[in-house]
Amino acid sequence: SMQCFPGLVLALSSLLGALALLQLSLYLRVPSRYGKHEERLCRPRGRVPARCAWFLQELPSFLVPALLLALRSPPRLEPLGCRLLCCLFCWHYFYRTFIYPFFTRGRPFPLQLLFFGTLFCIYNGFLQGYYLIYCAEYPNDWCTDIRFTSGLLLFLLGMGINIHSDLLLRQLRKPGEVTYKIPQGGLFTYVSGANYFGEIVEWFGFAIATWSLPAFAFAFFTLCCIGPRAYHHHRYYLKTFTDYPKSRKALIPFVF
Ligand code: NDX
């Protein structure tokens with residue numbers, strides 16, 4: 001049966017950190033090509049309905065850790081912290097897989113990015129799940145540790161912001177519409193990338209609560225993946241709408 005290989009966790013986390021830096025260097029200057037940044041002349045055959053794309057792409061991040069958690073024999077009963085943290089991770093991806101795609105009004109998603117996105121979700125789902133179920137060790141009172149409680153609070157706050165902002169974006173369109181409008185309300189009052197801000201806060205909260213290399217590597221990856229995207233969204237809005245609110249920042253309220 002499976003066991004913990006610390007070297008494997010270290011190697012996979014380092015590769016995730018390296019991928020984050022690769023993304024940062026690729027996407028600082030040009031945005032990743034989906035949604036409002038997709039090149040106009042993309043072949044329509046290379047695209048998948050947004051619903052299918054998000055469902056398929058995010059499913060492994062739910063399924064892999066959920067299966068690792070359910071199938072471990074003997075089941076891991078101690079400490080509570082590991083199972084709780086694994087459930088938090090799965091909870092986010094339950095939303096992203098089974099709820100978000102069914103309400104999205106996004107445009108068709110490029111097949112090639114769907115392929116890489118799926119690979120990424122398998123990779124990260126395995127790394128986070130494997131670490132928490134087979135490797136992590138917490139004292140029995142971890143649930144009352146300041147790192148766990150403050151991290152959990154940030155996670156919940158970020159998740160709330162993320163889900164609320166996803167909802168505000170969706171309400172900008174009627175079913176079947178694919179045009180872009182100026183997002184209003186919630187944290188969009190302060191930043192163009194409110195959904196991304198929420199997601200970043202969420203995964204840094206998770207990293208603090210987990211206090212582990214894999215979780216910090218993933219939070220860093222998230223920052224490098226959607227941080228630049230928030231900046232490109234912001235530039236797109238400034239270019240497209242002459243009446244775009246001048247005080248609005250790209251990602252971090254009042255700062256940047
Ligand atoms: N999926 C994370 N890298 C990604 C898919 C793409 O979960 O090759 C990372 C995630 C993947 C990426 C994933 C990993 C890295 C990949 C990348 C592709 C290339 C890259 C694989 C897996 C890669 C290397 C080189 C390292 C291998 O029509 P539309 O779609 O634009 O409509 C949008 C709509 N909307 C508006 N509607 C009206 N008016 C407006 N002004 C509008 N603005 C937007 O709202 C969408 O339907 C919807 C949301 O759009 P947008 O662009 O704001 O968000 P989006 O980027 O689609 O993300 C959706 C949610 C969001 O909450 C975000 O926080 C979360 O997913 N997310 C997204 C990406 C990654 C991630 C979280 C994470 O890293 N944790």
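Mentor: Helices here are DSSP runs of H or I with at least four residues, strands are runs of E with at least two, and both are numbered from the N terminus. You are looking at a predicted model, where local features need pLDDT of at least 70 and side-chain atom pairs count only at pLDDT 80 or more, while totals for chains, interfaces and linings use all residues. Numbering runs from 1 along each chain as its sequence is written, and side-chain values use heavy atoms, with hydrogens and water left out.

Trainee: How far apart are the end C-alpha atoms of residues 203-226?

Mentor: UniProt's unreviewed entry gives residues 203-226 as "transmembrane region", along with 109-134 and 146-165; its positions follow the numbering used here, feature names are shortened, and annotations may be inferred rather than shown by experiment. Residues 203-226 are 92% helix and 0% strand, and their end C-alpha atoms are separated by 12 Å.

Trainee: Which helix holds Phe102, please?

Mentor: Phe102 is partly exposed because its relative accessible area is 43%, between the limits for buried (under 20%) and exposed (over 50%), using a 1.4 Å probe and protein chains only. Its helix is α3.

Trainee: What does α3 reach from its first C-alpha to its last?

Mentor: α3 has 24 residues, and the expected span is 1.5 Å times one less than that number. The model comes close to the expected 34 Å, as α3 reaches 34 Å.
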